[in-house]
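Here is a short report on one protein model. It covers salt bridges first, then helices and a strand.

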Amino acid sequence: MESLRPPARSPMRRAFARVLDAVLPPRCLKCGLVVATQTGSHGALCPSCWQGLSFLGAPCCACCGQPFDFEMGPGALCGACTQAPPAFDRARAVMRYDEASRDLVLAFKHADRTSLTPAFAAWLKRAGEELLAEADVIVPVPLHWSRLFTRRYNQAALLALALGDLTGKEVMPDLLVRRRATRKQGHLGRLARQRNVAGAFALHPGRASALAGKRVLLIDDVITTGATVSNCARVLRQGGAAAIDVLALARVIQAL
């Protein structure tokens, strides 16, 4: 199984990793089972959990990343993007949001499992390789201050900062602000989600000048209908961004 973290490089770090593995054996990120991995490679999945997750990739819609059953050719778009092109240029996600991935994502989002951040950032780096190569700046979807106060962290910002560390790309965690609190969207339909987030985002007045002409990579945890990232993309476009791509940890796959 592929390691989710690079091996320690120096002899001292390798020795420390061996001691750490002896005291705290690497465990599966999802089920907690002790896993046999390369020394120092904490942050892996056991074979069963790895096979249970549906990782996304080609072939897919060139725009939104909706997976195709078979190769459709370069630049092929799904029906939804053909009929109504989204506000962003491209979107990709690491894995399908379903029964197998839900508890892993929700543990990170709501249960203080911030220790998952390095592994998730490594997954994002692989899934978004093409988008990252062209990105000028990485920007997370923001939380309203009231929700940030109760949750204590913005999971999208943690992913963005970790991804910036891995790639050397500039990260602007406060470029976007959520200027009004919105209802939780878990049980809202597509139209209700669009109404819920309409006008909810804005550019930070002290950061807006840094956006002009930049290609932005917008980071979120889960894409469901795309309402949140679309509204963020519109704000970024109006603020002068040259292009907006989206990279998420998981996404709901819509039936074609």
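Glu134 is partly exposed, at a relative accessible area of 38%. Here buried means under 20% relative accessible area, exposed over 50%, and partly exposed in between (1.4 Å probe, protein chains only). The side chain of Glu134 forms a salt bridge with that of Arg90 (3.0 Å, N to O). This pair links distant parts of the chain: Glu134 sits in helix α6 and Arg90 in strand β1, 44 residues apart. Arg90 is buried, with a relative accessible area of 11%.

The model is predicted: local features need pLDDT of at least 70, side-chain atom pairs count only at pLDDT 80 or more, and totals for chains, interfaces and linings use all residues. Residues are numbered from 1 along each chain as its sequence is written, and side-chain values use heavy atoms, leaving out hydrogens and water.

A salt bridge is a side-chain nitrogen of Lys or Arg within 4 Å of a carboxyl oxygen of Asp or Glu. The whole structure holds eleven. Arg90, Glu130, Glu134, Arg215 and Asp245 are linked in a network of them.

| Pair | N to O distance |
|---|---|
| Glu134 and Arg90 | 3.0 Å |
| Asp89 and Arg237 | 3.2 Å |
| Arg102 and Glu99 | 2.8 Å |

Asp89 and Arg237 meet in a salt bridge. Asp89 lies in the loop between α3 (79-83) and β1, and Arg237 in helix α10, so the pair ties together parts 148 residues apart in sequence. Asp89 is partly exposed at 30%, and Arg237 is partly exposed at 32%.

Arg102 and Glu99 are three residues apart in helix α4, so about one helical turn separates them. Arg102 is partly exposed at 28%. Glu99 is exposed at 65%.

Helices (H or I, at least four residues) and strands (E, at least two) are DSSP runs, numbered from the N terminus. Helix α10 covers residues 227-238. Nine of its twelve residues are buried, so α10 is largely enclosed by the rest of the structure. Among them are Ala227, Val229, Cys232 and Leu236. Gly240 follows α10, with a positive phi near 110°.

Strand β2 (residues 137-140) points Val137 and Val139 one way, and Ile138 and Pro140 the other way; all are buried. Two strands pair if DSSP finds at least two bridges between them. Two bridges join β2 to β3 (residues 170-171), running parallel. Ile138 has Val171 as its bridge partner in β3. Four bridges join β2 to β6 (residues 215-223), also parallel. Pro140 stands opposite Ile219 in β6.

Terms used
Expected span 1.5 Å × (residues − 1).
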